[in-house]
Amino acid sequence: MSADVAPVSAPVSTASAAPRARRAHLLGTLLAALGVLMALAGVGTWAGVAQGLAQEEITVSDNAPALAGQPVVTPWAAWAQAETIRADLAEMTGGRTFAELERDDPQRPAVATGTFLRASLITSVIAFGVALTLVGIGTGFALGGLGLRNAAR
């Protein structure tokens, strides 16, 4: 036998290729629609978190190393305010945390409030991150779905 003989492939039946193309097209459509929904949900989440923070009318403290005086409606402003609270609490307590304060320490209620506020701001930063991730994944799904639809043609 000769080594230059190419294997013969069976011809693709157009009868079986058409249903596969329709299924791929349908799957692409579903992925694209899911992606758009996810991206819109991410945008809505970002807007909801920003609106919730805006309703609180918080501004970044004047002693913040960055964004002083800015309204807290973005993740970076929320982070700047949370870090300012952390620094203020450390200065107030000499570096001790809430857990390290004695039960009868008069600073304990103020430190508890500051710790709660800081945790709430960090939670909003995480929510912004989840929203942005949802937009990214949704965009990827939408583009992948459109690509699959295009490949199915």
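**Close-up views of a predicted model**

At 14% relative accessibility, Asp105 counts as buried, where buried means under 20% relative accessible area, exposed over 50%, and partly exposed in between (1.4 Å probe, protein chains only). This is a predicted model, in which local features need pLDDT of at least 70 and side-chain atom pairs count only at pLDDT 80 or more, while totals for chains, interfaces and linings use all residues. Residues are numbered from 1 along each chain as its sequence is written, and side-chain values use heavy atoms, with hydrogens and water left out.

**View 1. Arg96 and Asp105 form a salt bridge.**
The side chain of Asp105 meets that of Arg96 at 3.6 Å, N to O. A salt bridge here is a side-chain nitrogen of Lys or Arg within 4 Å of a carboxyl oxygen of Asp or Glu. Asp105 is buried, whereas Arg96 is partly exposed at 35% relative accessibility. Searching the whole structure turns up 3 salt bridges.

**View 2. Glu83, Arg86 and Arg118 belong to one network.**
The three residues are joined by salt bridges that share partners. Glu83 meets Arg86 with 2.9 Å from N to O. These two are 3 residues apart in helix H2, which means that about one helical turn separates them. Helices (H or I, at least four residues) and strands (E, at least two) are DSSP runs, numbered from the N terminus. Glu83 also forms a salt bridge with Arg118, and here the closest N and O atoms are 3.1 Å apart. Because Glu83 lies in helix H2 and Arg118 in helix H3, this pair ties together parts that are 35 residues apart in sequence. As for accessibility, Glu83 is partly exposed at 21%, Arg86 is partly exposed at 40%, and Arg118 is partly exposed at 23%.

**View 3. Thr84 is a buried residue of helix H2.**
Helix H2 covers residues 75–93. The relative accessible area of Thr84 is 3%. A polar atom of the Thr84 side chain lies 2.8 Å from the backbone oxygen of Ala80. A polar contact is a pair of N or O atoms within 3.5 Å; within protein, one must be able to donate a hydrogen and the other to accept it, and residues adjacent in sequence count only if both atoms are side-chain atoms. Setting aside neighbours within four places in sequence, Thr84 is in contact (heavy atoms within 4.5 Å) with Ser61, Asn63, Ala64 and Pro65.

The C-alpha atoms of Gly35 and Thr139 are separated by 5.7 Å, although the two residues are 104 residues apart along the chain. Beyond its neighbours within four places in sequence, Gly35 is in contact with Gly138, Thr139, Phe141 and Ala142.

**View 4. Leu34, Ile137 and Phe141 make a nonpolar surface patch.**
The patch has an area of about 230 Å². Patches are made of residues with over 30% relative accessible area and no salt bridge; like charges are joined within 9 Å, nonpolar side chains (Val, Leu, Ile, Met, Phe, Trp, Tyr) within 5 Å. Accessible areas come from the Shrake-Rupley method with a 1.4 Å probe, and for residues only the protein chains shown count as cover. Phe141 sits in helix H3, residues 108–152, and is partly exposed with a relative accessible area of 32%.
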